[in-house]
Amino acid sequence: MYVYLPQNIFYNNRKENNVNIIFINIERGLKVDPLLKGPALDLSGRINELDIIRGFALLGILVVNMPLFQSPQLIADLYMLPQPLSATDTWIRIILDVFVETKFFSIFSFLFGLGFFIFMERAAEKGRNVYTLYVRRLTMLAVFGALHLLFLWYGDILLTYAFAGFLLLLFYKLKPKTLLMIITIFTVALILLLSANFLLSPEELQKEIQVLQADGAGKMEEAILIYNTSSYLDWLSYRFSNEVIPLIKHLPFSMLTALYMFLLGLYVGKLNIISEFPKHKRLARNVWWISLIISIPLSFLIVALHLDMLTLRIPNSLSVQVIVTLSGLSLSIFYISTVLFLLQKEKWKKLFYPLSYLGRMALTNYIAQTVICVGIFTGFGLFGEINLALGLIMSFIILPLQILFSYFWLKYYLYGPLEWVWRSVTYGRVQPFRR
């Protein structure tokens with residue numbers, strides 16, 4: 001609940017039965033939560049813009065995850081197996097790759113880095129041991145991620161965030177200029193690493209792909225059969241061998257891309273760009289233009305590769321993956337800066353406000369998306385049977401329901417259920433829960 005405190009507020013703080021009771025007298029200038037219809041006092045120090053952006057990121061994450069929930073996409077990627085698509089689904093795939101794929105995970109990663117800085121600074125202001133709290137926080141996040149990965153779905157990002165989060169501690173005390181230098185070097189290194197794919201020998205690469213495809217023969221049919229007909233224990237056993245182990249092997253690269261966006265978020269936090277956005281409008285406008293200019297040619301390149309209008313030495317399916325990753329870094333920054341500019345206007349702030357409920361319960365809603373979608377596709381034997389168009393429609397049904405659920409939940413509780421557990425473990429004591 002949020003309020004912009006007016007000047008004429010006085011506090012009367014007294015104790016009754018050893019409990020602090022704070023009476024707040026607000027005579028004028030009170031702003032209320034536009035949906036909950038009550039005083040929007042921010043008792044937790046949350047930044048509303050960040051919750052809105054976090055909710056915005058969750059929208060995109062469900063849309064981009066839906067094809068992974070509904071089909072053996074991981075098996076197709078691991079073995080370089082082509083997936084035949086209808087004309088409609090082909091264009092949906094192109095739109096997802098241009099505007100959604102990797103972009104919203106990058107936004108989520110950016111917010112993690114920014115949230116890390118805010119968490120550490122506030123803990124330090126209160127005289128707490130910031131490193132002890134942060135280690136507890138990351139450890140619990142790793143537990144959530146491991147449970148999510150092992151027992152629900154292979155597309156978990158929480159475990160990656162937890163491991164990369166420990167590396168982020170190395171950069172916490174750096175000055176903004178030093179951090180910017182590291183980010184610049186990191187940017188160049190990441191581009192060179194991704195671009196190295198185009199230096200591979202096309203002939204040798206083609207042979208490797210043929211070997212992979214031969215090894216993967218029948219794997220997609222096997223995955224569909226296991227997901228739709230096996231018992232839960234058999235499903236877990238299959239997933240551990242065919243999904244969890246390959247993803248753990250890929251974890252170092254996932255950590256690398258996550259850490260890059262963490263550092264950007266940390267840098268923005270150190271400059272107070274979001275909390276003092278009006279002071280940084282010129283910088284934000286320059287970033288907006290640069291990220292847009294970089295994203296436009298990359299987006300056209302993705303479309304051209306999908307439509308086989310050109311080839312970049314290596315198979316187009318690999319080229320698309322590389323370009324989509326690069327565009328995810330630039331377009332995510334464009335999205336963040338665009339939303340921040342829009343939130344400076346009251347009408348846009350009201351329009352986007354429902355996303356803040358989704359964002360305040362980001363962890364709960366992220367896991368809930370998995371439970372809902374795995375339950376639908378695996379529980380009802382629909383895995384591998386639904387096209388992209390229908391999956392997209394389903395995501396547009398689930399998202400408003402999640403916003404509505406978050407809205408009603410936050411009327412009665414201070415935090416989402418998983419956020420409450422996370423917070424209680426972080427601070428080493430049971431936190432208040434009900435309003």
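How many residues does helix 17 have, and how far does helix 17 reach from its first C-alpha to its last?

## Helix 17

Helix 17 covers residues 388-412, which makes 25 residues. From first C-alpha to last, helix 17 reaches 37 Å. That is close to the 36 Å expected at 1.5 Å a residue. The model is predicted.

## The chain overall

The protein chain holds 18 helices and two strands. It has 435 residues, and 48% of them count as buried. Consider contacts between residues at least 6 apart in sequence: 78% of them join residues at least 24 apart.

## Helix 4 with helix 5

Two packed helices are described by the angle between their axes and the distance between the axes. Helix 4 spans residues 103-125 and helix 5 spans residues 130-151. Their axes come within 9 Å and cross at roughly 140°. Helix 4 is therefore oblique to helix 5. Angles over 145 degrees would count as roughly antiparallel. The crossing of helix 4 and helix 5 is right-handed.

Which residues meet here? Helix 4 supplies F112, F116, F119, M120, A123 and A124. Helix 5 supplies V130, Y131, L133, Y134, R137, L138 and L141. By class, the contact of helix 4 with helix 5 has twelve nonpolar residues, one charged residue and no polar ones.

## Helix 6 with helix 11

Helix 6 (residues 158-168) packs on helix 11 (residues 251-270) at an angle of about 55°. The axes of helix 6 and helix 11 lie 9 Å apart. Helix 6 and helix 11 are therefore oblique to each other. Their crossing is right-handed.

On the helix 6 side, the contact is made by T160, Y161, F163, A164, G165, L167 and L168. On the helix 11 side, L251, S254, M255, A258, L259, F262, L263 and L266 take part. How do the residues of the contact of helix 6 with helix 11 divide into nonpolar, polar and charged? Twelve are nonpolar, three are polar and none is charged.

Key: Residues are numbered from 1 along each chain as its sequence is written. This is a predicted model: local features need pLDDT of at least 70, side-chain atom pairs count only at pLDDT 80 or more; totals for chains, interfaces and linings use all residues. Side-chain values use heavy atoms; hydrogens and water are left out. Axes are lines fitted to C-alpha atoms, for helices over the stretch in contact, and angles run from 0 to 180 degrees between N-to-C directions. Helices (H or I, at least four residues) and strands (E, at least two) are DSSP runs, numbered from the N terminus. Angles under 35 degrees count as roughly parallel, over 145 as roughly antiparallel, 65 to 115 as roughly perpendicular and the rest as oblique. A crossing is left-handed if the near helix is turned anticlockwise from the far one by less than a right angle, and right-handed if clockwise. Contact means heavy atoms within 4.5 Å. Ala, Val, Leu, Ile, Met, Phe, Trp, Tyr, Cys and Pro count as nonpolar, Asp, Glu, Lys and Arg as charged, and the others, Gly among them, as polar. The expected span of a helix is 1.5 Å times one less than its number of residues. Buried means under 20% relative accessible area, exposed over 50%, partly exposed in between (1.4 Å probe, protein chains only).
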